[in-house]
Amino acid sequence: MSISKIEVITDMSRFSSLKAALSKAGVGGMTVLQVLGCGVEKGTREYEVDNACEMELLPKEQINLIVETEQVPEILEIIKQELYTGHIGDGKIFVYRIDNAIRVRTGDEGVSAL
Amino acid sequence: MKEEKKLGLRNVISVSVGLVIATSCLVSLGQGAGTIGVTFIYAMIIACVLNMITMATMAELNALMPNTTGGLAQYTLAGLGPFPTLISMVGGYLLCNVLSTGVEASIFAYAIGDLLHLPIPNFTYTLIMSLLLLVTNLKGVDVFAKIQDLVAYLMIGSMLVLGIIGALGMGTGQIVDQPAVMSSDFGTIISMTAVAFWLFIGAEYVIPISKDVKNAKRNVPLGMFLGLALICVVQAVLVLGFKNYTPWADLADSAAPHLLYGMNLLGMPGKIWMCLVAALAFISTQNSTINGLASICQGMSKMNMMPRFFAKTNKNDVPFIGVWIITVAILVFAFASADSSDTISFLILVGSTFWMISYIIAHIDLLVFRHRLPKAPRSFKVPGGVILPVIGILGTAFMILNISTDPAEKYAIWGFTGITFLILGVYAFFWIKYKMRIPVFKHVPMQKVLAMENDLFYIIRKRRGIWR
């Protein structure tokens, strides 16, 4: 069985509700980073008139999940439903294939390491 | 810390029932049942199903654009553009609500006058109550916030109890010997769905509370459907009670059939009971209308869709100009329909037409978003693809085309509606082009419509002179 990484970048205010929803769905672990970034709007706030000329990096949360590839569609749906508001800044999700994962303590590899 | 959601399925049902049930429903119920007898129940079921389809559409639109204060105005602005938005909101919503509350006031005044028999015009009662509510609203006091649920339970409970007593023939009054069915012609029943429609409109007012509902994805649409089904059942039982105690002809001609039925069923105690419950329901409705519509006008003014004076507030933070205008407009319609069951029925049908048009626009908004944003996450999606929204559009259009069985009345309703929308169309065109300065017929991107929820959106544009 293969494993995948789901990387979610979203506004800091959405993190706690996303964590609760993923816990409820049975996701076993995550890594969270506080990052700076912007998308195609270059950090322009939704109420502003003109788009920013220069990128303005806004504080965001990056949440990394490693899951079985079979579970990816279900977890993506949960994340999308939880983060969606229709406003600019809802976030982005990236999905990567993972070649291998290893649990140091036991030496388990692949899905067993999750 | 995230605020805990407090409302459950039971709250959603009680809110939707409370918002839909009004004394004008009883006039439509009396008129419909008085015309064709108990077969009116079939027309009610069809109208109930069409309204459920519309509520499903509203639930999906809310899933796409959650936490919006303007509701249908914002869905339409993002879906179809500012021109249909202004027309449908001002005509199909504001005007319709003012009109229906004016009719409610008229029914209230007639009922109180019929009970008290004081030597004063019935309109006096409306005037006194409206002035009291005007003062409380200007002071920012929502007198009925805490008892609105209680009033809804009283109203629906009273209707159910009186309906059961009547249906089982257990009243103290004389049972009327009359045929149960006045017309079983399918075409006639179908044509009465337009009258039945009024019994179920307004459940979409639940949508603004959805952010406070636990498991909103399930409970909001389910609560609206169950609320409508409950209203259908209770009113069907009431029709069976009407059959036993109220001559059909008297029912169709009465400006307050609930009083007539209460009197025939249980004598004076029954009449007083229905009068008190209906009075409370009316006062609650008028209070909600005044502060609700004034807030909608304030919100639309912030979106630059209505004159700026609607956004001005007094020291109690109340949009006082809107409160005054709404109250006066309600009095105008109340005066126009005073004591006349024909005028009351006519205005109810006009109000229905406006509301039906706004429901058709909601279905079109849904189809547009299905095409434009097929993959956007939706916590609720109307099942069956586009079939149900299309049925909603066709069914509602059919009801508008058959709004009355009297051709003269039908053309009068269409004419009134057409002229109103023409005037609104002219206002909307010039307002959008020269005040809002945006393309008149082009939709506003959804993210921009949602951004309008932020007060800074308006403040920045006002400072830059983009919006005057």
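How many helices and how many strands does chain B have? Chain B has 19 helices and zero strands. The model is predicted.

**Chain B overall**
- Along the principal axes, the C-alpha atoms of chain B fill a box of roughly 70 × 50 × 50 Å.
- Of the 468 residues in chain B, 57% are buried.
- Take the contacts in chain B between residues at least 6 apart in sequence: 81% of them join residues at least 24 apart.

**Helix 6 against helix 13 in chain B**
- Two packed helices are described by the angle between their axes and the distance between the axes.
- Helix 6 of chain B covers residues 123–138, and helix 13 of chain B covers residues 268–302. They pack at an angle of about 45 degrees, with their axes 10 Å apart.
- That angle makes helix 6 of chain B oblique to helix 13 of chain B.
- The crossing of helix 6 of chain B with helix 13 of chain B is right-handed.
- From helix 6 of chain B, the contact uses B:Met129, B:Ser130, B:Leu133 and B:Asn137. From helix 13 of chain B come B:Phe282, B:Ile283, B:Gln286, B:Asn287, B:Ile290 and B:Asn291.
- The residues of this contact divide into five nonpolar, five polar and no charged.

**Helix 4 of chain B**
- Helix 4 of chain B (residues 72–79) is mostly covered, with eight of its eight residues buried.
- The buried residues include B:Leu72, B:Gln74, B:Tyr75 and B:Leu77.
- What covers them includes helix 3 (40–64), helix 5 (82–116), helix 15 (341–372) and helix 18 (446–451) of chain B.
- Just after helix 4 of chain B, B:Gly81 takes a positive phi of about 110 degrees.

**A:Ile9 in chain A**
- A:Ile9 sits in strand 1 of chain A, which spans residues 3–10.
- Is A:Ile9 buried, exposed or partly exposed? Its relative accessible area is 24%, so A:Ile9 is partly exposed.
- Leaving out residues up to four places away in sequence, A:Ile9 touches A:Lys60, A:Glu61, A:Gln62, A:Gly91, A:Lys92 and A:Phe94.
- A:Ile9 and A:Cys38 are 29 residues apart along the chain, and their C-alpha atoms are separated by 9.9 Å.

Notes:
Residues numbered from 1 in each chain as written. Chains lettered and ligands numbered in written order. Predicted model: local features only at pLDDT ≥ 70, side-chain atom pairs only at ≥ 80, totals over all residues. Heavy atoms only, no water. Axes fitted to C-alpha atoms, helices over the stretch in contact; angles between N-to-C directions. Helix = DSSP H or I, 4+ residues; strand = E, 2+ residues; numbered from the N terminus. Parallel < 35°, antiparallel > 145°, perpendicular 65-115°, else oblique. Left-handed = near helix turned anticlockwise from the far one by under 90°. Contact = heavy atoms within 4.5 Å. Nonpolar A, V, L, I, M, F, W, Y, C, P; charged D, E, K, R; others polar. Buried < 20%, exposed > 50% of the residue type's maximum accessible area, 1.4 Å probe, protein only.
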